[in-house]
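Keep the structure open as you read, and check each point against it.

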Amino acid sequence: MAAKRSAGILLYRVLHGAAPEVLLGHMGGPFWARRDAGAWSVPKGEYTADEEPGAAARREFTEELGVPVPQGELTPLGEVRQSGGKVVTVWALAGDLDPGSIVPGTFELEWPRGSGRLQEFPELDRVEWFELERAREKIVKGQRVFLDRLAAWLRG
């Protein structure tokens, strides 16, 4: 069986000579509600073999955040296989957006587990800008490599 694949966009900005910042989303739902460190992610989502990964990354950005992808050229940051086996491909994109404008997508989950009750949860329950070093503390461990690759790319 082929590994599941996800694609996402790591939005970044550099304001007036300040340190670079990246936009991360805190994963929604009951499993992540009380966690902070290691509970943030690049806005991303799964795609199938018949969808081009860059197009999937753009679609997922819009679905997860509820806003259009800012204009600009995607810079490939490569892929990584996460501990659960999923292969994640990420692109960097220079841009800016107000986290207050986010209208997250939702998903349904039986909660509490075994109750037979379906509840709706936001895919991302909050979105924030973080300087790269702070982002390393927040992001899911398996995605830290994308921050390293972005930092290297920005250094030239």
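**Notes on charged pairs, a helix and ring pairs**

1. Glutamate 21 and arginine 13 form a salt bridge, with their closest N and O atoms 2.6 Å apart. This is a predicted model, so treat the distance as computed. Are the two partners buried or exposed? Glutamate 21 is buried, at 17% relative accessible area. Arginine 13 is buried too, at 16%. The cut-off for buried is under 20%.

2. Lysine 86 and glutamate 46 also meet in a salt bridge, at 3.2 Å from N to O. Lysine 86 sits in the loop between β5 and β6, and glutamate 46 in strand β4, so the pair ties together parts 40 residues apart in sequence. Lysine 86 is partly exposed, with a relative accessible area of 22%. Glutamate 46 is partly exposed at 39%.

3. Salt bridges with shared partners join Asp36, Asp125, Arg126 and Lys138 into one network. In total, the structure holds 12 salt bridges.

4. Another of these links arginine 5 to glutamate 79, with the closest N and O atoms 2.9 Å apart. Arginine 5 belongs to strand β1 and glutamate 79 to strand β5 (residues 75–81), so this pair ties together parts 74 residues apart in sequence. Arginine 5 is partly exposed at 29%. Glutamate 79 is partly exposed at 44%.

5. Now look at helix α1, residues 53–65. The helix has 13 residues and reaches 18 Å from first C-alpha to last, close to the 18 Å expected. Which of its residues are buried? They are Gly54, Ala56, Ala57, Glu60, Phe61, Glu64 and Leu65. These cover an arc of only 155 degrees around the axis, so they lie on the same side of α1. Their cover includes β1, β2, β4, β6 and β9.

6. Check both ends of α1. Glutamate 52 caps the N-terminal end: one of its side-chain oxygens lies 3.0 Å from the backbone nitrogen of glycine 54. Glycine 66 follows the helix, and its phi is positive, near 75 degrees.

7. There are four aromatic pairs. In one of them, the ring centres of tyrosine 12 and tryptophan 153 are 6.3 Å apart and the planes stand at 70 degrees, so the pair is edge-to-face. Tyrosine 12 is in strand β1 and tryptophan 153 in helix α3, 141 residues apart. Tyrosine 12 is buried at 9% relative accessibility, whereas tryptophan 153 is partly exposed at 43%.

Terms used: Residues numbered from 1 in each chain as written. Predicted model: local features only at pLDDT ≥ 70, side-chain atom pairs only at ≥ 80, totals over all residues. Heavy atoms only, no water. Helix = DSSP H or I, 4+ residues; strand = E, 2+ residues; numbered from the N terminus. Expected span 1.5 Å × (residues − 1). Buried < 20%, exposed > 50% of the residue type's maximum accessible area, 1.4 Å probe, protein only. Arc of directions from axis to C-beta. Contact = heavy atoms within 4.5 Å. Polar contact = N/O pair within 3.5 Å; in protein donor to acceptor, adjacent residues only side chain to side chain. Phe/Tyr/Trp six-rings, centres within 6.5 Å; stacked < 30°, edge-to-face > 60°. Salt bridge = Lys/Arg side-chain N within 4 Å of Asp/Glu carboxyl O.
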